Amino acid sequence: MKSTVWNCALGVGLLVGTSALAVPSAKAENLTLCWAAWDPANALVELSKDFEEASGHTMSFEFVPWPNFADRMLNELNSGGQLCDLMIGDSQWIGGAAESGHYVKLNDFFEQEGISMDDFIPATVTGYAEWPKGTPNYWALPAFGDVVGWTYRKDWFERPQLQAEFREKYGRDLDVPASLAELKDIAEFFQGREIDGTRVYGAAIYTERGSEGITMGVTNILYNYGFDYDNPEKPYELEGFVNSPGAVEGLEFYKQLYDCCTPPGSSDWYMSENIDAYKSGQVALQMNFAFIWPGVEADPNVGGGKSGYFANPPGPGGHYAQLGGQGISVVAYSSKQDAALEYIKWFAQPEIQAKWWEMGGYSALRAVVEDPGFASSQPYAQTFLDSMAIVKDFWAEPAYADLLLAMQARVHNYVVAGNGTAQEALDGLVEDWTEIFEDEGKY
C-alpha cells in the first residue's frame, strides 16, 4: 500500500549549507508562517509584532482549521509549494518531512547561534524536532508544548450534596481521579444527572473519525493498559504488542466509557466539540489538549475557579498521556530562508518564550517551565508540567498518514459503530500496519 500523503520529494528539498545559515537577511522580507487555526495561533500573531519591530521583516499568516490542516499543509509541502516560509507542523510529520526534504535541517544553525536542544523539555525535542528518533538530527525548534489532559467542573465536585451522595455510593471523596477506573466512576455518577435544572452527562471524549481524533483519544487509555506500538527490542514487530491482552482490555475500556458516559450525538467529536460541550455546561469532565485551558479560565461560564485540571490518570499497565504540540521549521522550498531563520532565532530567546507563555502559548523552554514561579503562574500550570512528564506519541514514520488512517478506521468501527470485538479491531490493525511497513521496506 502506497502512502497517500507523503511523496518522494527527496530530489526537491535540499538542505541549506552552513554558509547560507550564517548570513543574515540583507533586505526586509515578508514571511508567511503556516499553522493551524486555533487560539494559540492568534496569540502568536500578537507575539510576532515584536519580531517585526526588531527585525524590519513583516509577518503574514496562513491558518487552517484543524480538520483540514494536515491535508492542506502536507499537500503544500508535497507539491514543493512556496506559500509557507515557516511551518509549525504536527509532531507526527517530522519523519516524512525530514526524509522527503521538506524541512531545512537546523543542526548547523543551532550550533552557530548557540541554541541547544538541552534547553528544551526532552520529550518535546524527541517529539517535535528529532528524526530519526533518538538521534541528534534536528528539523524543528520546539514551538508549542501540548498534551492531552482533563478539565473538570470543580464547582460541581465541591457541592456538599453531590459529595455526600458520591461518598455513599463509592466510599471515597468526589475528587480528582487517581486512576482511569475512578475517572469512569465519576463519569457514570454524573451521567444523566440534573444540575441547576439542566440534564448533564459524564464526559466528552474524542470520537472523531475523519482526521486523528479518536486515535488521539483512545491512546490515552491504551498506553495505560500496556499497549506498545512495537517490540522495544525489535522495531516494527507488532504482534503481541499492538494487540496484547492489556491493549485489548484498554480498547474495551474506551468503548465502555463511550457507551456509558458521553452525551447523545457525540459519535464524531474532537477538540472543538468537546470545548463547546464543556463550556455550555453539558459535561462534568472533558478530555482535551492543554491548549484549551487558558480559554477555559477566561470563559464567563466555566472559568474563574469553576474548573479544575488534572493529568491523564494511570491505568493497570502504566501512566502516560498522548503528546500533542508542534515544532517550528523552515520550509526547504522557501526563497526567504535567511529571514525565516532569523525568526526562529528570535523565537528561541528566553524572554520571548516567557512572553509566549504569558500570552497563552505553551513554551517548551526549560528556563520557563522550570522557573520557581511557573507552577503557580496559572491554575493549570502544574497540571501541564505533570502531563508533559508522562507523554508518549503516535508513529512519526514517513508513512504516518496511512498508519493513522488505519487506526482511525479500526478503532472507530469498534468503539462507536460497535462492530466486532476489541481483539478483532487490534488484530486487524496489526495486519494493516504490517502491510504498510512491508511496503515501506521495514522487514
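Trainee: What area is buried between domain 1 and domain 2, and what share of that area do carbon and sulfur atoms give?

Mentor: Buried area is the accessible area (1.4 Å probe) that two parts lose on being put together, summed over both. Here, domain 1 and domain 2 bury about 1900 Å² between them, and carbon and sulfur atoms give 64% of that area. On the side of domain 1, Tyr380, Ile390 and Lys392 lose the most area to domain 2, together 38% of what that side buries. Before we go on, remember that this is a predicted model, where local features need pLDDT of at least 70, side-chain atom pairs count only at pLDDT 80 or more, and totals for chains, interfaces and linings use all residues. Residues are numbered from 1 along each chain as its sequence is written, and side-chain values use heavy atoms, with hydrogens and water left out.

Trainee: Which residues make up domain 1 and domain 2?

Mentor: Domain bounds come from an automatic or database domain assignment. Domain 1 covers 2-146 + 324-392, and domain 2 covers 148-322. Their C-alpha centres lie 29 Å apart.

Trainee: How many residues of domain 1 are in contact with domain 2?

Mentor: Contact means heavy atoms within 4.5 Å. By that rule, 20 residues of domain 1 are in contact with 21 residues of domain 2.

Trainee: How many residue pairs are in polar contact between domain 1 and domain 2?

Mentor: A polar contact is a pair of N or O atoms within 3.5 Å; within protein, one must be able to donate a hydrogen and the other to accept it, and residues adjacent in sequence count only if both atoms are side-chain atoms. Between domain 1 and domain 2 there are 7 residue pairs in polar contact, both residues at pLDDT 80 or more. Helix H3 (66-78), strand S4 (141-153), helix H17 (381-388) and strand S11 (391-392) each supply at least two residues of the side of domain 1 that touches domain 2. H17 gives the largest share of that side, 4 residues. The helices (H or I, at least four residues) and strands (E, at least two) are DSSP runs, numbered from the N terminus.

Trainee: How many nonpolar, polar and charged residues does the side of domain 1 that touches domain 2 have?

Mentor: Ala, Val, Leu, Ile, Met, Phe, Trp, Tyr, Cys and Pro count as nonpolar, Asp, Glu, Lys and Arg as charged, and the others, Gly among them, as polar. That side of domain 1 has 11 nonpolar, 5 polar and 4 charged residues.

Trainee: Which side chains meet in a salt bridge with a distance of 3.2 Å, N to O?

Mentor: Side chains of opposite charge can pair when their charged atoms come close. A salt bridge is a side-chain nitrogen of Lys or Arg within 4 Å of a carboxyl oxygen of Asp or Glu. The side chains of Asp228 and Lys392 form one at 3.2 Å, N to O. The count between domain 1 and domain 2 is 1 salt bridge, while the structure holds 17 salt bridges.

Trainee: Where do Arg72 and Glu76 lie?

Mentor: Both sit in helix H3, 4 residues apart, about one turn of the helix. Arg72 and Glu76 form a salt bridge, with their closest N and O atoms 3.5 Å apart.

Trainee: Is Glu76 buried or exposed?

Mentor: Buried means under 20% relative accessible area, exposed over 50%, and partly exposed in between (1.4 Å probe, protein chains only). Glu76 is buried because its relative accessibility is 12%, whereas Arg72 is partly exposed at 31%.

Trainee: Which residue forms a salt bridge with Lys345?

Mentor: The partner of Lys345 is Glu113, and their closest N and O atoms are 3.0 Å apart. Lys345 lies in helix H14 (residues 337-347) and Glu113 in helix H5 (residues 107-113), so this pair ties together parts that are 232 residues apart in sequence. Lys345 is partly exposed, with a relative accessible area of 43%, and Glu113 is partly exposed at 28%.

Trainee: Where is Thr215, and which residues does Thr215 touch?

Mentor: Thr215 is in helix H10 and is buried, with a relative accessible area of 0%. Not counting residues up to four places away in sequence, Thr215 touches Phe394, Leu404, Met407 and Gln408. The side chains of Thr215 and Gln408 make a polar contact at 2.8 Å.
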